[in-house]
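Welcome, and thanks for taking a look. Please have the sequence and the 3D view open as you read.

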Amino acid sequence: MEGSLVLRGVWLSYPRGRRHVVRVLVDVSLEVRPGEVVAVLAQRAQGKTSLLRVAAGMERPDRGSVLFAGRDMWRDGEDARRRRHHRRRRRRRGVCSSSVPIALVRASHPGVDVPVEEGIALALTGSHRGREARELAARALEDVGASECAQRHWDDLGDGERARVAIAQGISRDPKVLLVDDLTSTLALDEAEDVAILLHSLAAERGLGVLVGVGDAQATRWSDRVATLAGGALIMEPPPPSQTPDYPNIIDFPGDRNATAG
Amino acid sequence: MASTIQQSEMSAGEIVLGLLIEQPDTCYHLDKRIAERLGSAQFSRGAASRAVERLLERKLVRPADVEAQSELRAVDGRKKTVYETTPSGVDHFERWLRASTQTPPVREELHAKIALWGSAELPRLIEIVREAELACTMQLSDANREVRADRDTSEVSEWERTMQLIVSAGEATWWDARIKWLQNVRVYLEREHARRQSEAGPQRRRAPAR
């Protein structure tokens, strides 16, 4: 489907020492459609962040494929090379793609100690002129209801404000898919709910696909579908039937997995 | 889930008493009010009428205004009895409300199965745990949809919103505990299965040589 993010049979492992490998993701399949929020419920150190990094194209899976809008992020060698070439040419001309397809959001320090609006604008200067970047940053902050934080520094923000600012940074480049890495686990109940409602309405209003990693069931309240991740295996309810099943057999039914893995 | 229903029906009586003290009502509406107040995680439909039956036996509730028989309310076109609490019902509820709360026993069918599983094939048990995990996830999702639908339709005060949030957090925590327990069980069983296989592996390879 147009704009869907699809993980199909993804395996990922990290080496631990010389002899051992840690299996982080085991045959994980998942689809995020435009306009829906999918929550992945997992305990600590169960592969939440790894899953999001693979989904963002930051980590190459050992096996399986990651598709965005029907294109394989890793296997489409020819296509990727062509894209890189174009990007380089455009950069030489001083123009760079203004939007990103996928953005990963974490509540981490931006690394530069400037007011948050300026920080978001700075990150956009590669692709936009200064004034335009500033306007985009201001609009993103407004969209998440954090305009009053614009002139403050990251260190002075509360956890709830940080979560909003991080989301603003994520949407400032107008992505099609937003990946959110556990922004709410440190928040109070009502603050966490406000952030969840924000993601829900961003998804609904902009047709943004949102994949959010969460640590507790309360944080799944405003998601359209829930998946659980433990021991590297993702268990997920099938999505509501779509008009056109573009990718058959990718949804993870427990019975299927046993048949293929056994 | 059999034991959770037993568990909840023990306190369903007190909940029904409390709701009837607030306002006399029919069993049908009591079910609805229970779902509104406590979420749908712990109570099945019909819990109210079962509770009312037991409360009638213990004379803690009675049909409202028996003499006149005027207190009948139409539900789906049929007339249904409206119940109210008796003085001893109110008394019972007051005592229950103030008593210390018991910790609910955690006994489930799956607990028993794991305890009795012995050395039978692990993959089947892992599958059962997986199915339970998926079932919980889907029920959590359903509950989420219901909570959201309520939230979208009603204009509420700040206090009501806080109460809704607290109730919904309670329900979510219940699912959270269950799902995490199932995840832990599954990860442990999968690890044990892998260990057994790696132990059995070399032997199997040696077998043909003999």
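At what angle do helix α3 (residues 116–124) of chain A and helix α4 (residues 130–143) of chain A pack, and how far apart are their axes? The angle is about 130°, with the axes 8 Å apart. We will come back to this pair after a few notes on the model.

## Reading the model

This is a predicted model, in which local features need pLDDT of at least 70, side-chain atom pairs count only at pLDDT 80 or more, and totals for chains, interfaces and linings use all residues. Residues are numbered from 1 along each chain as its sequence is written, while chains are lettered from A and ligands numbered from 1 in the order in which they are written.

The scores are ipTM 0.75 and pTM 0.70. Helices (H or I, at least four residues) and strands (E, at least two) are DSSP runs, numbered from the N terminus.

## Confidence in chain B

The predictor's confidence in each residue, pLDDT, goes from 0 to 100. Chain B averages 76, and 68% of its residues score at least 70. Confidence in chain B is lowest in strand β2 (residues 72–75), at a mean of 60, and highest in strand β4 (residues 83–85), at 91.

Residues 1–10 of chain B have a pLDDT below 50, and this stretch has 13 contacts in the model beyond near neighbours in sequence. The pLDDT is also below 50 over residues 103–107 of chain B, a stretch with three such contacts. A contact here is a pair of residues whose C-beta atoms, placed from the backbone, lie within 7 Å. Where pLDDT is low, the predicted coordinates should not be read in detail.

## The two chains

Chain A has seven helices and 10 strands, and 44% of its 262 residues are buried. A residue is buried if 20 or more other C-beta atoms lie within 10 Å of its own, exposed if 12 or fewer, and partly exposed in between, with C-beta atoms placed from the backbone. Of the contacts in chain A between residues at least 6 apart in sequence, 69% join residues at least 24 apart.

Chain B has seven helices and four strands, in the order α-α-α-β-β-β-β-α-α-α-α from the N terminus on. Buried residues account for 26% of the 210 residues in chain B. For contacts in chain B with a separation of 6 or more, 72% come from residues 24 or more positions apart.

## Where the chains meet

The contact between the chains takes 22 residues from chain A and 26 residues from chain B. On the side of chain A, the elements that give two or more residues are α6 (189–206), β9 (225–230) and α7 (254–261). Strand β9(A) gives the most, with four residues.

By class, this side of chain A has eight nonpolar, eight polar and six charged residues. Ala, Val, Leu, Ile, Met, Phe, Trp, Tyr, Cys and Pro count as nonpolar, Asp, Glu, Lys and Arg as charged, and the others, Gly among them, as polar.

Angles under 35 degrees count as roughly parallel, over 145 as roughly antiparallel, 65 to 115 as roughly perpendicular and the rest as oblique. Axes are lines fitted to C-alpha atoms, for helices over the stretch in contact, and angles run from 0 to 180 degrees between N-to-C directions. From α3(A), A:Glu117, A:Ile120, A:Ala121 and A:Leu124 meet residues of α4(A) including A:Ala133, A:Leu136 and A:Leu141. This contact has nine nonpolar, no polar and two charged residues.

Helix α5 (residues 159–171) of chain A and α6(A) have axes that come within 9 Å and cross at roughly 15°, so α5(A) is roughly parallel to α6(A). Among the residues that make the contact are A:Ala163 and A:Ile167 of α5(A), and A:Val195 and A:Leu198 of α6(A). The residues divide into six nonpolar, one polar and two charged.

## Individual residues

A:Asp27 has a positive phi of about 50° although it is not a glycine. A:Asp27 lies in strand β2 (residues 20–32) of chain A and is partly exposed, with 19 other C-beta atoms within 10 Å. A:Ala45, also not a glycine, has a positive phi of about 60°. The loop between β3 (37–42) and α1 (48–55) of chain A holds A:Ala45, which counts as exposed with 10 C-beta neighbours inside 10 Å.

Notes. Contact = placed C-beta atoms within 7 Å.
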